[in-house]
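Okay, thanks for coming, everyone.

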Amino acid sequence: MEAALLPAGLELVAGGGAGLSPEKRAVLGSSLLLLQRDYRFERVWFWGCIQGVRGAYYIAEGLGPDRAAPRSRLYSLNCVEWSLLPPATKEMVAQAEQLKGRFQGDPSFEYENPEINAEDAEGLIEDSKELLIKEEARLVATIEQIDRAVGIIPRGAFVKTPLGSVQENRNFEGLSLTEAKKLSSYFHFTEPVNLKNKTLLEKADLDPSMDFLDSLEHDVPQGTPSAKAHNYYVGSSCYTQEKQRWS
């Protein structure tokens, strides 16, 4: 959700019983505006919170003029001081998938790499390879995985300009009841994969200004996502309805 609309947005997502205290809301509302000014972001979105054993990670995303461009991600332990996260890599994601259990709430905490046994450890030490995985790297990978899985937008909420940049559609007023029930009315808000493999004949019926991302109807296995359980980026805000727990 956008920083300027944070109070109203948090009220919308607090129905599940999990939310932020009034003190955290107040601090976060001021902190995100300062974050936008200091980093010169065009927009700042509050991504959410990942709860750990000893503390929580509050995540924010900074956006530039192109809404589909890679977003800068930052985290805070107190909603005041923010640290920039590095971009996610395939190696980070692969390593994080092997880790089990809850986050600790300490970015410097180190996990043992579950793919490395005692016999291989000596050789890796000689090759100067890391045997441990920092929780900060796990945090980066987890955010990336969540965004890939459940970060979606309704069709028409964003449009692609002739110059190639993606902007909010100021004329978007929401989906009709009929369209809202279709998975084809929602797109993954990530780099498209399936769209690039479509033939020219398949692309003939697509509107290039709106159909520039992968539709949920082509997810495998089909029917896994529902139109109820995702992060909805509507206009300039993100409304979250959590149906899964990420540990």
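**A glycine, then the charges**

Let me start with Gly101, which counts as partly exposed because its relative accessibility is 37%; on this scale buried is under 20% relative accessible area, exposed is over 50%, and partly exposed is in between, with a 1.4 Å probe and protein chains only. Before I go on: this is a predicted model, so local features need pLDDT of at least 70 and side-chain atom pairs count only at pLDDT 80 or more, while totals for chains, interfaces and linings use all residues. Residues are numbered from 1 along each chain as its sequence is written, and side-chain values use heavy atoms, with hydrogens and water left out.

Back to Gly101: you'll find it in the loop between helix H3 (90-96) and strand E5 (110-112). Helices (H or I, at least four residues) and strands (E, at least two) are DSSP runs, numbered from the N terminus. Gly52 is 49 residues away along the chain from Gly101, and their C-alpha atoms are separated by 9.9 Å.

How many does the structure hold? There are 12.

One of them pairs Arg37 with Asp38, at 3.0 Å from N to O, and both of those residues are exposed.

Now look at Arg43 and Glu168, whose side chains form a salt bridge at 3.1 Å, N to O. That pair links distant parts of the chain, with Arg43 in strand E1 (residues 43-51) and Glu168 in strand E9 (residues 166-168), 125 residues apart. Glu168 also meets Arg67 in a salt bridge, at 2.8 Å, N to O. Here again distant parts are linked: Arg67 sits in the loop between strand E2 (56-63) and strand E3 (72-76), 101 residues from Glu168. Are these two buried or exposed? Glu168 counts as buried because its relative accessibility is 15%, and Arg67 counts as buried because its value is 1%.

There's a network too: salt bridges with shared partners join Glu61, Arg71, Arg73, Glu144, Asp147 and Arg148.

Last one, Glu135, in helix H5 (residues 135-150). Glu135 is buried yet has no salt bridge, and the nearest side chain of opposite charge, Arg138, is 4.7 Å away; Lys and Arg count as positive, Asp and Glu as negative, and His and the chain ends are not counted. What is Glu135 in contact with, leaving aside its neighbours within four places in sequence? Among them are Tyr57, Phe103, Pro107 and Tyr111, where contact means heavy atoms within 4.5 Å.

Methods:
Salt bridge = Lys/Arg side-chain N within 4 Å of Asp/Glu carboxyl O.
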